[in-house]
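I'd like to walk you through one structure, so let's get it up on the screen.

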Amino acid sequence: MAPFFAERFGNASSMHAQGVQARAAVDEARAQVARLIGATPDEIVFTSGGTEGDNLALSGTGAPGCHVITSAIEHHAILDTLRWSETAGARVTRIRPDRSGRVDPADVRAALTPATRLISIMMANNETGVLQPVEEIGRIAAEADVAFHIDAVQAAGKVPIDVRRIRCDALTLSGHKMHGPQGVGALFIRSGTQVRPILHGGSQERGRRAGTENLAAIVGFGVAAAHAVEWLAEGRARGLEALRDRLEAGIRAAVPAVQVNGADAPRVPNTSNISFDGIAGRALVVALDDAGVCVSTGSACSSGSAEPPHVLLAMGLLPIQAHSAIRLSLGKRTTADQIDFVLSRLPEAVGRLREMSPLWTNRH
Ligand code: PLP
């Protein structure tokens, strides 16, 4: 990305040589991102990230009487946008997952009405990593002739994605969830699918997203996508999954009364959501931070909130169990030594918090 900040910062819409070079770099990134999900480059619209991609995908859903089906475990970029659509007259059905965190395609089918215009279901949940049955939902959407959008922000680069197989009409990606930079993402829009622009102005991105392209970020995102394609082709996801399993097994062995949320469902290889009876997840985040381990409660976007994570509540956890959860996320560079480091710190941190917790001491 560095040369595109310092030397090669032409405007990709300009006709001079610098502009032409910038256009070539954007085109290359577009092809790299398209390849990751089996799309064609002209089906990729660069955005400022996952939130914008989700908003753009849902932009046609505000009309009175329009019915949208989604799940209760979506990211707030979907849930809050659809809440806004409701104020403009839309009707929204939010499907609850089962206890393992998976949405049942039969529930999606049952929610269809003649007014249904869109189904929007995520591919991997951001708190539990649970993978949703998007291929089956894609079939249901195609049979009913209803548009299907997928928020694939947490899945892209970690599991293979083929938009043709899934038969989706739109799919959201975000750079920073796959080792790319923050503030850039993309929306796949199937060729022939109409999406109403939410940013108006220039005719960039073939009139689908106005504004001068964020050149360096787009280049970085493209490279991240190309790396992800290689990483997946080399079967490296298995190694990451083995590290995640080692972490979970180590925690279960050393700490009593823990529950791995979503462990009964297929998951992306890097995410682990664990409830620790008797303590507050927020307190454990602070204790682990002091010990040199960065984890979070729920999603980073809602971490300022005192509410228990909506995803865990929708899965049927009690508020107290949902409050006691933390999310541990591995990266592609995480090593076995780092996992062992966490295992050397976490049990002690949980033990100390439990000693101070009336919730725990009254129980045991
Ligand atoms: N969708 C999901 C599932 C996410 O996890 C996130 C971010 O955490 C987003 C959307 C928003 O993406 P961004 O942070 O790029 O706006």
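This is a predicted model: local features need pLDDT of at least 70, side-chain atom pairs count only at pLDDT 80 or more; totals for chains, interfaces and linings use all residues.

Look at histidine 176: one of its polar side-chain atoms sits 3.0 Å from an oxygen atom of the ligand. Serine 174 has an N or O atom in its side chain that is 2.7 Å from a ligand oxygen. And glutamine 154 also puts a polar side-chain atom 2.7 Å from an oxygen atom of the ligand. So how much of the ligand does the protein bury? On its own the ligand exposes 390 Å², and the protein buries 90% of that.

Zooming out a bit, 13 residues surround the ligand. Gly50, Thr51, Asp151, Gln154 and Ser174 are the closest.

We've got 7 strands making an open sheet with mixed pairing, and the order is β1-β7-β6-β5-β4-β2-β3. Which strands stand at the edges? Those are β1, residues 44–47, and β3, residues 91–95; each has a single partner strand, so one side of each has no neighbour in the sheet. From one strand to the next, the twist averages 20°.

For instance, valine 68 has leucine 118 in β4 as its bridge partner.

Last stop: helix α3, residues 50–57, packs on the sheet. Helix α3 touches β1, β4, β5, β6 and β7, and its direction makes about 165° with that of β6. That's my tour, thanks!

Definitions and conventions:
Residues are numbered from 1 along each chain as its sequence is written. Side-chain values use heavy atoms; hydrogens and water are left out. Two strands pair if DSSP finds at least two bridges between them. Helices (H or I, at least four residues) and strands (E, at least two) are DSSP runs, numbered from the N terminus. Axes are lines fitted to C-alpha atoms, for helices over the stretch in contact, and angles run from 0 to 180 degrees between N-to-C directions. Contact means heavy atoms within 4.5 Å. A residue is near a molecule or strand if one of its heavy atoms lies within 4 Å of it. A polar contact is a pair of N or O atoms within 3.5 Å; within protein, one must be able to donate a hydrogen and the other to accept it, and residues adjacent in sequence count only if both atoms are side-chain atoms. Accessible areas come from the Shrake-Rupley method with a 1.4 Å probe; for residues, only the protein chains shown count as cover.
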